[in-house]
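Here are my notes, as promised. Have the structure open while you read, and go point by point.

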Amino acid sequence: GLPPPALAPILAAIEAMGIRSTEAHWSVIPPGVARRVRPHMERVGDALITLCASSDALRLNRVVGLGHRGQASETTIDEIIERFRRHRLKRFSVMLSPGPQGAEIAGWLTARGFARHAGYELLVRDARRAVPPIATDLGIRRATRRDTAAILAIHEQCFASPPSRRPWAEASVFLPGLEQFLACAGRRPVAVGTLRIDGDLAWLGGGATLTPFRRHGAHAALIAVRLERAARAGCRRVW
């Protein structure tokens with residue numbers, strides 16, 4: 001409901017947080033995984049490049065934050081393309097933000113042969129808004145490091161994550177600023193949701209529910225508990 005001038009600094013802060021989060025995640029790639037995937041991470045302009053030279057996965061070979069500070073140009077895009085070509089990658093994705101340069105960047109990318117694909121819906125909420133009660137027959141609790149194996153098992157089943165990347169996921173599941181929450185059927189964890197707190201911003205992601213336990217309110221309840229936690233931590237906005 002905010003007008004565009006008021007929304008612009010919020011979007012820029014969200015993009016900057018996303019870059020910091022990605023850098024933290026990629027900085028803990030275990031040596032064994034790194035030898036296989038040959039990762040590379042680099043900032044070009046106001047964007048962050050991540051790539052794995054041995055993979056053509058668009059979620060790994062990706063550009064985020066391009067233009068979030070208004071620093072993108074056609075030269076920047078050509079430099080980014082050159083970086084991927086240097087690693088002999090013909091396929092990568094650019095996550096366009098709804099920032100001030102979004103339409104301009106889209107035109108530059110289209111002119112260079114990029115095609116638009118489905119993306120993500122960016123939802124932003126005032127953390128101070130009251131959270132309505134959620135009905136669920138599952139127990140909700142904050143996870144501890146002892147729950148790491150259960151969290152990874154849920155993510156692997158829901159997102160089809162390859163077992164070869166489990167060491168990377170294990171290294172990053174409890175990075176500083178990250179909290180994990182579980183929905184349980186009895187004592188069995190059946191759904192998970194991640195919260196990252198970064199200053200007065202909070203991010204909700206990593207939501208996954210095992211198929212037999214869907215339609216029990218797990219996802220809504222995990223959203224609610226994370227919104228409440230973000231509010232207690234003093235966050236102003238959640239995305």
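1. In which sense do strand β8 and strand β9 pair, and over how many bridges? Keep in mind that this is a predicted model. Strand β8 covers residues 188–198 and strand β9 covers residues 201–209, and the two run antiparallel, joined over seven bridges.

2. Now zoom out to the whole sheet. It is an open one of six strands, with mixed pairing, in the order β5-β10-β9-β8-β7-β6. At the edges sit β5 (125–126) and β6 (139–142), each of which pairs on one side only. As a reminder, strands of a sheet pair through backbone hydrogen bonds, either parallel or antiparallel.

3. Next, have a look at helix α7, residues 218–232. This helix lies across β5, β6, β7 (178–185), β8, β9 and β10 (237–238). Against β8, helix α7 runs at about 30°.

4. On to the packing. The largest nonpolar core has 25 residues, and Ile 151 and Leu 182 are the ones with the most contacts inside it. Two or more residues each come from α5 (148–159), β7, β8, β9 and α7. There is also a second, separate core of 17 residues, with Ile 80, Val 94, Trp 108 and Leu 109 among them.

5. What does Ile 151 touch, leaving aside its neighbours within four places in sequence? The contacts are Ala 143, Val 173, Phe 174, Gln 180, Leu 182 and Val 192.

6. Then the aromatics: the structure holds four aromatic pairs. Phe 84 and Phe 92 make a stacked one, at 3.8 Å centre to centre with 5° between the planes. Both Phe 84 and Phe 92 are buried.

7. Phe 92 also pairs with Phe 114, this time edge-to-face, at 5.4 Å centre to centre and 75° between the planes. That pair links distant parts of the chain, 22 residues apart: Phe 92 is in the loop between α3 (74–86) and β4 (93–94), while Phe 114 is in the loop between α4 (102–111) and β5. Together, Phe 84, Phe 92 and Phe 114 form one aromatic cluster.

8. Last one: why is Phe 92 called buried and Phe 114 partly exposed? Phe 92 has a relative accessible area of 13%, and buried means under 20%. Phe 114 comes in at 22% relative accessibility, so it counts as partly exposed.

Methods:
Residues are numbered from 1 along each chain as its sequence is written. This is a predicted model: local features need pLDDT of at least 70, side-chain atom pairs count only at pLDDT 80 or more; totals for chains, interfaces and linings use all residues. Side-chain values use heavy atoms; hydrogens and water are left out. Two strands pair if DSSP finds at least two bridges between them. Helices (H or I, at least four residues) and strands (E, at least two) are DSSP runs, numbered from the N terminus. Contact means heavy atoms within 4.5 Å. Axes are lines fitted to C-alpha atoms, for helices over the stretch in contact, and angles run from 0 to 180 degrees between N-to-C directions. A nonpolar core is a set of buried Ala, Val, Leu, Ile, Met, Phe, Trp, Tyr and Cys residues joined through side-chain atoms within 4.5 Å. Buried means under 20% relative accessible area, exposed over 50%, partly exposed in between (1.4 Å probe, protein chains only). Rings of Phe, Tyr and Trp (its six-membered ring) pair if their centres lie within 6.5 Å; planes under 30 degrees apart count as stacked, over 60 as edge-to-face and the rest as tilted.
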